[in-house]
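Here are my notes on the model you asked me to look over. Keep the viewer open and go through the points one by one.

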Amino acid sequence: MEDYLIEHCSPTLASLKTANLFNYMYDSEAELADYIGNLNRNLGKKGVTVDVLRKYEHSALIYVFRERKLQEDLQKDGVREFLVRAGYEDFSTEQVLRRLKLRFHEDGAFPHEIGLFLGYPLGDVMGFIENAGRNSKCSGCWKVYCNECEAIKLFARFDKCREVYKRLFKQGKSLLQLTVAAG
């Protein structure tokens, strides 16, 4: 799983991004629970939490996030109002994640508000919904409908971070060493 974390979550580990997601194949639920527990004991010291948003047969959608950044994102203009329309009522981290997990099961699809939990701008999340995923100005970590220049710079930072983290990990740096402490 550490390889997945480096590949898919480097910007979150580096504290450049609120969160990342990836799909992880596992052999047993006990193995998955042990691994998630160990990651939370270690990475939690640095402000990173690992959670399972949805399980499928032998695969899990893993959410890696920084709680402080998530709470800051949920305070941004228009975000709460948007989430209230999607059925969110309580904005504690535990409750928004519980509601997000329920949303995965409600219609079996990816809830569009997931972008807000990953640090995407509200305008891009709304643009994606309004355009049914088409007509974006550009795409990288997400489809961009607003602030194209800013997003392109951000995507380049995330790519550079991922490459540096992959190189350092191959050179023997541990996941914990590569995880920036919460500031």
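**Notes on the model**

1. Let's begin with a cysteine. Cys9 is buried, with a relative accessible area of 0%; buried means under 20% relative accessible area, exposed over 50%, and partly exposed in between (1.4 Å probe, protein chains only). Before you go on, keep in mind that this is a predicted model, where local features need pLDDT of at least 70 and side-chain atom pairs count only at pLDDT 80 or more, while totals for chains, interfaces and linings use all residues. Residues are numbered from 1 along each chain as its sequence is written, and side-chain values use heavy atoms, with hydrogens and water left out.

2. How many disulfides does the structure hold? It has zero, a disulfide being a pair of cysteine sulfur atoms within 2.5 Å. Cys9 is in none, and its nearest cysteine sulfur, in Cys161, lies 11 Å away. For Cys149, the closest cysteine sulfur belongs to Cys138 at 8.7 Å, which is too far for a bond. Is Cys149 buried or exposed? Cys149 is exposed, at 60% relative accessible area.

3. Now zoom out. The protein chain has nine helices and five strands; these are DSSP runs numbered from the N terminus (helices H or I, at least four residues; strands E, at least two). In sequence order, the pattern reads α-β-α-β-β-α-α-α-α-α-β-β-α-α. The radius of gyration is 16 Å, close to the 16 Å that the globule rule gives for 183 residues, so the chain is as compact as a globular protein of that length. (That radius is taken over C-alpha atoms, and the rule is 2.2 Å times the number of residues to the power 0.38.) The C-alpha trace spans about 45 × 35 × 30 Å along its principal axes, and 43% of the 183 residues count as buried.

4. Next, look inside. The largest nonpolar core has 31 residues, and Leu53, Tyr63, Leu83, Tyr88, Leu100 and Phe117 have the most contacts inside it. Such a core is a set of buried Ala, Val, Leu, Ile, Met, Phe, Trp, Tyr and Cys residues joined through side-chain atoms within 4.5 Å. Among the elements that each supply at least two of its residues are strand 1 (19-25), strand 3 (59-66) and helix 8 (148-170). Which helix gives the most to this core? Helix 5 does, with four residues. A second, separate core of 24 residues includes Ile6, Phe22, Leu32 and Val50.

5. Apart from its neighbours within four places in sequence, Leu83 is in contact (heavy atoms within 4.5 Å) with Leu74, Tyr88, Phe91, Glu113, Leu116 and Phe117.

6. Strand 1 deserves a look too. Five of its seven residues are buried, so strand 1 is largely enclosed by the rest of the structure. Strand 1 runs antiparallel to strand 3, and seven bridges join them; two strands pair if DSSP finds at least two bridges between them. Within this pair, Asn20 stands opposite Val64 in strand 3.

7. Last stop: Thr18, in the loop between helix 1 (2-13) and strand 1. At 7% relative accessibility, Thr18 counts as buried. Thr18 and Lys69 are 51 residues apart in sequence, yet 5.3 Å apart in space, C-alpha to C-alpha. Beyond its neighbours within four places in sequence, the contacts of Thr18 include Val64, Arg66, Asp73 and Phe117.
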